[in-house]
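Me: I have a structure open and would like to go through it slowly with you. Could you help me make sense of what I am looking at?

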Amino acid sequence: NSPVVVAIDGPSGSGKSTVSRAVASRLGLSFLDTGAMYRAMTWWMLTNGVDVDDPEAVAIACAKPVVVSGTDAAGPTITVDGQDVSGPIRGPEVTAKVSAVAAVPAVRARLVELQRGCAAHAARGIVAEGRDMGSVVFPDATVKVFLTASEQARSERRAAELRAKGLDEATITAMAADLARRDAADSSRETAPLTRAADAELVDTSELTLDQVIGTITALVEDRA
Ligand code: C5P
């Protein structure tokens, strides 16, 4: 029996992270947040003065940092050159630039290799979430899911999350615009754009509760594993 790979893709705000982590916990699988790896790479470039708007500079620099991603669904940590960057990679500076860095083919080649390595080392299998898990990184995944939600549902969820963190309305509006820009960039880039693989199950989460989405995906995996 080859290890189970559950590939979950979708735009920001589709509920991907929460859902993927919960499915991994429920099934006793490892968990891989590939967005965190692109963020960690971006954080390192910003910290080391690399011009992230220059694809050639990014392509050269991306060979240097050592990005290591934890795969514990309960609390994955991510380190760059041994430093835990789980906090800083969620900041607005990284969020604003991550799509530009992720569009560079050399960056993707390097991180995809690491992602496949994580899956190969996961004892019982892995839930991997991102933008190109089903389409590029794990073409033979046991289960592929493409999560969507209406634009409105996604922005309402994101706003509720930010309000709960105590952010003011002006910041929330600015972040919504940033999110729309990032999704457009991720969907239209040349290398590995956000796309639904032909054999991915489409799950529209607009009208579903979190528990329903988790239940749907868990059932798909239990059917096929
Ligand atoms: O999932 P998250 O929003 O943290 O991802 C941050 C960014 O990383 C995305 O906007 C996208 O540019 C990039 N990404 C990617 N491929 C993946 C995962 C994330 O290009 N598999």
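Me: Which helix gives the most residues to the shell around the ligand?

Reply: That is α2, with four residues; helices here are DSSP runs of H or I with at least four residues, strands are runs of E with at least two, and both are numbered from the N terminus. Please keep in mind that this is a predicted model, in which local features need pLDDT of at least 70 and side-chain atom pairs count only at pLDDT 80 or more, while totals for chains, interfaces and linings use all residues. Residues are numbered from 1 along each chain as its sequence is written.

Me: And how many residues surround the ligand, and which are the closest?

Reply: The ligand is surrounded by 13 residues, and the closest are Gly35, Tyr38, Ala102, Gly130 and Arg131; a residue belongs here if its C-beta atom, placed from the backbone, lies within 6 Å of the molecule. The elements that supply two or more residues to this shell are α2 (34-47), α4 (92-102) and α8 (169-188).

Me: What kinds of residues are in that shell?

Reply: The shell divides into three nonpolar, five polar and five charged residues, where Ala, Val, Leu, Ile, Met, Phe, Trp, Tyr, Cys and Pro count as nonpolar, Asp, Glu, Lys and Arg as charged, and the others, Gly among them, as polar.

Me: Let's go to α4, then. Which of its residues are buried?

Reply: In α4 the buried residues are Val94, Val98, Val101 and Ala102, and buried means that 20 or more other C-beta atoms lie within 10 Å of the residue's own, whereas 12 or fewer makes it exposed and anything in between partly exposed, with C-beta atoms placed from the backbone.

Me: What do they pack against?

Reply: The buried residues of α4 pack against α2, α3 (55-61) and α5, and two residues are in contact if their C-beta atoms, placed from the backbone, lie within 7 Å.

Me: Now α5: which residues are buried, and which are exposed on the face turned away from them?

Reply: Val107, Arg108, Leu111, Gln115 and Ala119 are the buried residues of α5. They lie on the same side of α5, because they cover an arc of only 95° around the axis. The face turned away from that buried side carries the exposed residues Ala109, Glu113, Gly117, Ala120 and His121.

Me: Changing topic, which residues does the UniProt "binding site" annotation cover?

Reply: According to UniProt (an unreviewed entry), that annotation covers Gly10, Pro11, Ser12, Gly13, Ser14, Gly15, Lys16, Ser17 and Thr18, although such annotations may be inferred rather than shown by experiment.

Me: Is Gly15 buried or exposed, and where does it lie?

Reply: Gly15 lies in the loop between β1 and α1, and Gly15 counts as buried because 23 other C-beta atoms are within 10 Å. Not counting residues up to four places away in sequence, Gly15 touches Leu147, Ala149, Arg157, Thr205, Leu210 and Val213.

Me: What about Ser12, why does it count as partly exposed?

Reply: Ser12 counts as partly exposed because it has 18 C-beta neighbours inside 10 Å. Ser12 lies in the loop between β1 (4-9) and α1 (16-27), and, leaving out residues up to four places away in sequence, Ser12 touches Leu179, Arg182 and Asp183.

Methods. The arc is that of the directions from the helix axis to the C-beta atoms.
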